[in-house]
Every structure is written in structure tokens, then in C-alpha cells.
Amino acid sequence: MSRAILKKGLKYIFLAGAVLGLGSVIWVGLIPGDPKNAVFGSLSLARALLLAGLVALTLTLVWIFFLIRRARVEELFYQRIEARLKPATAISSIAWLGLHILISLPSYRFSTWIYIYQRAYPAMVAGYALLTIWLLWLLAHFVKRGFWIKLRQEVSAKRTLVIWAFIFTTGIVLLMAITKFGQREVLEGWYKGGVPLLAWQFQVALLAAMIFFLAVSSRGFSLSSRIPVLVLFIAFWLAAGFAWNQVAPAANYFFTTSDLTQQTYPYSDARRYVLNAQTLQAGEEFDLVEDKPFYIYILSVIQRFTGADYWKTASIQAALMAVIPALLFLLGTQMHSREFGIMLGILALFHEINAYHLGQSLDLSHSKLLMTEMPLALLLVLLAVTAFRWFSSRHVSLYLPVVVGGIAGIAALTRLNAYILIPAIGVYSWFVYRQRRLLPRWPLHVGLLLLGALLVVLPWNMYTYQQLGTPYSILKTTRSLENRSALPEGPEITAYPVIKSVVNVQRMPPERVTKEAWAELLIRGRHFLHNEALSLFILPLTLSFEDTGFYAEQPMWSSALLWDGRLTPGSWAILSVNLLVLAVGIRAGWKAVSWAGLLPLFLHLTYNFSNGVAAKSGGRYLVPVGWVGYLYFALGAWVLLMWLGRNFFMFTRQVSTQGTGRVTSSKGGFLLVTGLVLCAAAGMAIPATIAVADRGYREYQAGELYSLVSEDDAFSAVFPTEEHLQRLLTWKRGLALSGRLLYPEYVASLPRNPHGGEIEKGDFPQLYFSFASQMPLLGVLPLEEQALVKGIPFEGEVIVVGCRAYLSGPAIIVEALILLGEDGIEKVITRSPWVGPRCNYPGSSIPQPSTQNLPEKPGIDDQIAAEISAGIQNQTIQPFHPSPPDPRRSVLLQPRDHIK
């Protein structure tokens with residue numbers, strides 16, 4: 001930019017300052033006064049001084065504006081500034097950054113000084129605006145000649161893909177905003193936004209990348225050197241592991257603290273995974289239809305070192321998950337540059353800390369919850385790193401497709417809907433090979449991809465086929481789709497979903513079947529768009545330095561508020577900028593390595609599509625691919641900054657894509673065999689553990705058990721003679737089984753759950769616990785007094801004497817609980833005689849308790865009742881089961897003659 005233009009613009013800066021100063025005087029004057037502390041009219045001393053200072057500053061700027069209009073004075077001013085241009089730019093930048101932080105911080109952060117802050121805020125905003133103009137004027141001195149011509153040329157050359165990407169992303173948002181298609185809440189599986197990143201966190205990540213660029217990269221660091229990358233990879237892993245384990249997560253639905261033992265226990269899905277892991281750890285066969293077998297295996301390995309202690313297990317898991325920022329750093333380095341990788345790793349570190357803080361407010365998952373979303377996120381990031389290397393390396397190696405297939409297979413055994421990634425990546429690779437003119441090699445490499453995946457998933461499917469008669473993947477996929485299908489209206493289906501497979505289709509005319517099928521497609525399409533829209537809200541919608549609590553109160557995150565898709569005008573403006581930056585990032589990914597650069601976006605769309613098919617969206621279902629949103633946003637922001645920087649003297653180096661290099665043929669065969677062996681080992685891990693492990697638990701015979709505890713008075717009161725115990729154990733539901741007691745809770749009576757089992761938690765006073773044995777079970781010991789279980793451990797070896805039941809899952813009604821120690825039996829706790837249901841075996845010594853005070857089951861019509869009764873008698877369905885019965889669980893309610 002010419003010197004004449006810059007010199008002429010100097011006086012207009014002072015004019016703008018005078019206008020802003022006058023505006024701030026008016027703004028401060030309009031703030032209501034404080035009559036109690038008034039010293040002049042309604043103004044306090046502090047505000048009077050502030051107004052006086054603003055008026056004086058405004059008049060000074062007006063005086064300088066008129067003074068500088070003289071040519072001699074203008075030249076003198078400009079010469080002084082020109083001689084100190086770099087120090088002036090540095091000082092102005094620091095002052096601008098300080099004011100930016102001050103006006104971006106929420107006022108409640110100044111709790112002590114909030115009165116002064118609120119009244120000084122107009123002056124700070126005016127100063128910030130003036131500093132912005134001044135700083136832009138100073139930076140204009142560094143612009144290269146022909147800047148505007150080059151700007152038009154570059155925009156013209158690069159606009160096509162950016163425009164189309166911006167139109168696509170904006171079109172989805174506008175479609176949803178107008179039609180509300182992805183925002184109208186459906187009945188089930190519809191959750192709020194995921195974990196957002198804050199504005200200041202993006203700024204910190206960008207500033208760190210800039211500092212690295214200026215301080216390290218510009219001094220001749222070799223871009224091809226692997227040592228700095230390895231050092232930074234380890235540094236990110238250690239930093240994330242340390243930082244995450246220093247933050248205590250807020251309360252969450254998936255863990256709870258017991259009043260009985262004061263220990264933290266996993267809850268809901270998390271408890272089911274842990275119980276299966278403990279069963280596997282003991283060498284027993286866990287629930288074979290559980291759809292997260294590989295995660296259960298990993299939990300069992302971790303808990304060999306931590307036991308059932310929740311926080312020790314969560315800390316180790318968080319330390320393992322802390323490799324995600326390191327892997328994202330590596331992915332960013334491969335996709336674009338080391339600076340972008342640093343920015344991406346920092347954002348991943350911040351994002352997880354935000355998840356810890358929002359655990360009580362949002363339906364989410366993070367690395368300290370014993371859930372599968374974060375492990376799957378780790379696998380998808382690892383899949384992206386490996387597949388990117390496969391698609392972008394100059395010489396495709398045979399081992400890379402095998403490794404990619406193996407990782408995809410492990411992901412499929414971690415969460416069922418990740419199965420879609422195996423064929424999807426194979427299809428996607430066709431476009432890569434076509435663009436690179438390598439189609440003759442594609443069949444072989446896609447075959448290796450499928451081979452790696454099959455080596456992982458096939459052993460578990462074969463094992464479950466031998467045990468259940470149906471492979472795990474087919475069984476779980478069928479049931480998942482059935483459980484989430486559209487149902488005919490009516491209370492009988494709502495209350496008793498077990499029989500929906502009997503009445504769902506048979507009672508509907510053909511036109512109703514067509515209508516329901518169309519409704520299914522609409523529901524799944526709405527879930528997919530809902531996932532895509534909520535993924536945008538991982539990016540900040542405000543430029544102020546709010547904390548995470550601010551987002552928990554917004555309608556798109558708050559569980560107490562219904563969000564109808566509306567945003568404030570300011571949020572719409574920021575969302576538009578976010579979409580533009582995302583479009584630039586997507587374009588930059590394509591430009592860097594074509595199809596390989598769009599791989600994370602492909603994983604994002606594919607996984608969200610699978611969630612849409614499963615009728616799940618929002619909340620924790622966004623976690624596995626949430627990193628894709630801020631990856632492209634960060635890439636767009638960095639590319640824009642570098643594009644602007646190349647037009648200034650201060651940035652001269654061209655940022656280049658990091659090459660993955662060539663894998664030499666001498667290592668190709670070894671790496672291929674190693675990859676195949678590792679995939680086979682991962683696939684055989686669970687079946688082999690079950691096959692070779694010593695069975696830790698067993699059933700007891702009446703004589704053997706009675707000789708151990710017959711001298712205990714409490715046990716003798718329930719079983720006066722060995723004959724009574726024999727009658728129970730020969731009864732069709734009776735059992736005496738050793739196992740591991742976990743997570744005991746004393747539960748008083750609670751409101752009845754109409755969808756429960758034969759009995760439900762809280763129907764009566766009880767000791768409620770999880771039981772890892774020959775199968776994962778729940779234990780219910782009816783007790784009138786909590787004092788009877790004082791001092792019971794949260795993890796211990798026990799013998800349970802009782803009978804099979806159903807309590808929202810396979811359960812045992814306990815007659816006697818025998819606690820074992822190193823020296824034998826430590827304590828025997830027996831049921832209270834007159835509380836809750838008991839094992840009503842023939843010849844039991846204690847009468848059945850009264851059930852008059854127990855809530856009744858909800859009524860159903862006669863036809864449905866007859867179908868349930870017939871199903872129970874034929875042992876084809878179980879009463880009040882929340883899903884179609886599976887062979888492993890239904891066996892617990894069958895007579896002993898039917899147990900193989």
C-alpha cells in the first residue's frame with residue numbers, strides 16, 4: 001500500500017477515535033446512577049472521574065484531528081510513527097489482546113469489581129474498536145505491493161470448491177431451519193448438542209501454533225525429521241494424561257456414589273460392561289449377546305490391576321484415551337503441517353476437559369466414564385491416521401490395508417454400528433485408487449482390507465454361532481433394528497414390547513405397513529440430519545470468554561429447555577463465519593492430498609449415517625466423530641491465517657504437506673505378516689480367554705454347602721435341616737453359586753417401574769448388588785434393616801443361595817448371602833422373613849410374605865394376556881422382558897431339565 005494513502009488515513013483514525021469516545025460518553029452516561037454514593041448529581045465519584053476522563057480524551061482526539069489536517073504536522077506525525085513501526089505494532093498488538101480478553105470475559109468473573117467493570121465496559125469497547133482500527137493501519141505498512149491484485153487472483157482461483165462447500169453446509173442448516181426436519185424431537189434416541197469448544201480455547205490453540213511457527217519452524221527445523229514429531233507426540237500424550245487426571249469430572253448419570261460403602265460405582269450401561277468384564281476376568285463366559293465385547297475385554301484387562309475400584313479404573317482408561325490428542329497431532333501433521341497438528345492436539349485436550357465439566361448438564365460420554373464412546377473415538381482417530389497414510393503414501397504398501405481393516409474390525413466389536421466402516425472404507429478406496437490411476441491394484445488391496453477385518457470379527461462371530469445358533473453381528477443387528485422400529489399405537493405395545501414381534505406386522509393391513517415403513521425412513525433421516533446439525537455446535541457460538549456453564553444453560557444443550565432451532569442474530573452471524581471457515585478447511589484438505597484429505601469427513605458422515613439408521617442422535621452419540629468438526633475448522637482457520645500471512649513480509653515460508661515417504665520392499669513382507677498376526681490375535685483374544693481360563697466359580701451341592709455353614713444361626717433359621725437346602729437346590733429355579741459380589745446398595749421402597757421384570761429394584765427394602773459368576777447377574781436380598789449389611793465390602797467373594805428371577809435382566813432372589821474371606825466364611829446374611837418375594841420351593845420353612853403392599857402390574861387386554869401366557873408356557877418368551885428373549889438369558893428362568 002502506498003505511503004500517500006497510509007499517511008492520508010492517519011487523520012481519519014483520530015476522527016474515528018473522537019466518534020467512539022463520544023459514543024462511550026453517552027453509553028456511560030445512560031447507565032443508571034447510584035444515589036447512595038452520588039457526589040455529583042446521580043454520579044458516583046468513580047463514574048464522574050471516568051466520564052471526565054472520557055470527555056477529555058474525546059476532546060483531545062478532536063483537537064489532534066483538526067491539528068493533523070495541516071500538511072507539515074501530518075508529515076511530522078507520520079515520520080515519527082514510521083521510524084518506530086515495529087515497536088508500535090508489537091505494543092499495539094499486546095494492548096489489543098489485553099482489551100480483547102477484558103471485554104470477552106463475562107462480567108460475573110469480576111465478582112468483587114463487577115460494579116466498576118460494568119461501568120468501564122463501554123470505554124473498553126470503544127478503546128478496543130479504536131485499537132483494532134489503529135492496528136490494521138499499522139499492519140497495512142507490511143502489505144506487499146500488488147496485494148489487492150493478488151487477493152483478487154487467489155480468490156478467483158480458489159473460490160469454486162470453497163463456494164460449493166459453503167453452499168452445501170449452509171444449505172443443510174437452512175433446510176433444517178426452515179423445515180425443522182432435524183430439530184423436531186422424535187420419541188426415542190433424540191438428544192441435545194455435544195460438548196462445545198470455547199472461543200478462547202480456539203484462540204489459545206491458534207496462538208500456540210503461531211508461536212511454534214515463528215520460534216521454531218522459521219529457524220530451519222527440518223520438515224522431514226521424525227524426531228521432533230516423535231517428541232511432540234509423546235509430549236501431547238503425557239500432557240493430556242496429566243491434565244485429564246488432574247480434573248475431577250462433574251456428576252454424571254453413568255456413575256453414582258453408594259450410601260452404603262461411600263464408594264463410586266458404575267451405573268446403567270457402565271455397570272453392565274463392568275459386570276461382564278468381571279465375569280470374563282474370572283474365566284467365565286459373559287453375556288454373549290452384549291454388543292461391546294472388545295471393550296468388555298479391555299475393561300477386564302484394566303481391572304486385573306485395579307479391581308472394581310471405579311476411579312483407579314477410570315484414571316487408567318483416561319491415561320490410555322489421552323493418546324487421542326497425540327494421534328490428532330500426528331494426523332494434522334500428515335494432512336497439512338506441524339503447526340496445524342499442534343493446534344489440533346491442543347483443541348482435543350481442551351475438548352475433553354470441557355466434557356468433564358459438563359458431565360452433570362449434558363448427556364455425554366468422556367474418558368472417565370466406563371462407556372464405549374471415547375474408546376471408539378480413539379479407534380476412529382487411529383483409523384484415520386492409518387488410512388490417511390495408506391491413501392496418501394507414494395507407494396502403497398500391502399500391510400496398510402490389513403492394518404486399516406483390523407482397526408475397523410476392532411471398532412466394530414467395540415460398538416456395533418462401526419461395522420458399516422468396513423465396507424464403506426473399501427468403497428471409498430476405489431475413488432482414491434481411481435484418482436491415482438491405481439485401479440488394477442484395488443481388488444488386491446481391498447481384499448487385504450476385508451481379510452484384516454475378518455481376522456478380527458470372525459472368531460467372535462463363530463464362537464457366538466456355536467453357542468447361540470446365530471452369529472453375534474447378525475443377532476445384534478436384527479434385534480437393534482427391531483427394538484427401534486415404528487410400533488402401532490396402543491398401550492399394549494408401549495407397556496410390553498416383548499410381544500411386538502408377534503403383533504407388530506400381523507395386525508396391520510398392507511397400507512399400514514407401507515405407512516410405518518415410510519415413517520421409519522423419515523425418523524432415520526431426521527436422526528442423521530440432527531447429528532450433522534449438532535456437530536456444528538461443537539464450534540463456539542459466542543466470542544465472549546464464557547465458561548462451560550454458559551453452554552449448559554442454552555436451549556440446544558439444556559435438558560430443561562426445548563430448543564426449536566432458533567438462534568440469536570449474533571449466533572447466526574458467528575455460525576455463518578464458522579461454516580465459511582469449515583468450507584475453507586474442507587477445501588484445504590482436498591487440495592493437500594485430494595481424497596485422503598476428505599477421509600475424516602467421510603468417517604463423520606458414515607458414522608452419523610449408521611447412528612441415523614439405529615435411530616440415535618445427539619449427546620454421547622456425537623463423541624466418536626466429534627473431533628472431525630474442529631479438525632476442519634482448525635484447518636480452515638490456519639489456512640486462512642497463512643494465506644493472509646504470505647501477503648505480509650513477516651511470514652515468508654511456504655507451509656508444505658508432510659510426506660509419508662516410501663516403505664521399502666524389504667520390510668513389506670515382514671510388516672504384512674505382522675499385521676495379519678496382530679489382527680488374528682485381536683480377534684482370538686476374547687474366545688481364547690474364555691477357552692483357556694480356569695473356571696473360577698461353581699455351583700455347590702446341598703451336603704457340601706450345609707457342612708460349611710450349618711453352625712451359623714442365621715443360616716439355620718432359613719434352612720433348619722440339610723433337607724430344606726436340598727429341596728431348594730433340586731427345585732427348578734434353585735441354586736447355590738459362588739461368585740464375586742460387586743457394588744452393594746441398600747435400597748428402600750421406590751415407585752414401581754411398569755416395564756420391569758418379575759420384581760423390580762425398590763419394590764421392597766433390599767440389598768441390591770451385582771454378581772459376577774458363571775454369568776453376570778443381579779442379586780436381590782430382601783432386608784428390613786440397613787444395619788444388617790453394615791461393613792459389607794464393595795467387592796468380595798461370596799456364595800449366593802437363592803433362586804433365579806428376572807430384574808431388568810437375569811437376577812437371583814437371595815435367601816442367604818455367605819461372605820468369604822482368606823480363612824473361610826466371614827459372615828452370613830439371610831433374608832428378612834416377611835419382606836418381599838422369596839424362593840417358594842416345595843417344603844420351604846418360612847411362609848411366603850404378604851404381597852398386599854406391593855404394587856400390581858399394569859393391566860392389559862385379554863387377547864394380549866393370552867398370547868403372553870401361551871408364550872411363557874411354551875418357553876418362547878419371558879414375562880415382561882424389555883426385548884425379545886435371547887438364549888443366554890432365557891435359560892435363567894427355565895427349569896433345570898432344560899439347562900444344557
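**Note on the predicted model**

1. Ser365 is buried, at a relative accessible area of 2% (buried means under 20%, exposed over 50%, partly exposed in between, with a 1.4 Å probe and protein chains only). Ser365 sits in the loop between helix 13 (338–357) and helix 14 (373–392); helices (H or I, at least four residues) and strands (E, at least two) are DSSP runs, numbered from the N terminus. The side chains of Ser365 and Glu373 make a polar contact of 3.1 Å (a pair of N or O atoms within 3.5 Å; within protein, one must be able to donate a hydrogen and the other to accept it, and residues adjacent in sequence count only if both atoms are side-chain atoms). Leaving aside residues up to four places away in sequence, Ser365 touches Met371, Glu373, Met374, Arg620 and Val623 (contact means heavy atoms within 4.5 Å).

2. On the basis of the note: this is a predicted model, in which local features need pLDDT of at least 70 and side-chain atom pairs count only at pLDDT 80 or more, while totals for chains, interfaces and linings use all residues. Residues are numbered from 1 along each chain as its sequence is written, and side-chain values use heavy atoms, with hydrogens and water left out.

3. The protein chain has 31 helices and ten strands. Of its 900 residues, 54% count as buried.

4. Nine salt bridges are counted (a side-chain nitrogen of Lys or Arg within 4 Å of a carboxyl oxygen of Asp or Glu). One of them joins Glu745 and Arg271, with the closest N and O atoms 3.1 Å apart. This pair links distant parts of the chain, Glu745 being in strand 5 (residues 734–747) and Arg271 in helix 9 (residues 269–281), 474 residues apart. Both Glu745 and Arg271 are buried.

5. Glu723 and Arg727 also form a salt bridge, at 2.7 Å between the closest N and O atoms. Both lie in helix 29 (residues 722–730), four residues apart, about one turn of the helix. Glu723 is partly exposed at 48% relative accessible area, and Arg727 is partly exposed at 30%.

6. Strand 9 (residues 810–821) and strand 10 (residues 824–830) pair in the antiparallel sense over six bridges (pairing needs at least two DSSP bridges). The two strands form a hairpin with two residues between them, and Leu817 stands opposite Ile829 in strand 10.

7. Twelve of the 13 residues of helix 12 are buried, so this helix is largely enclosed by the rest of the structure.
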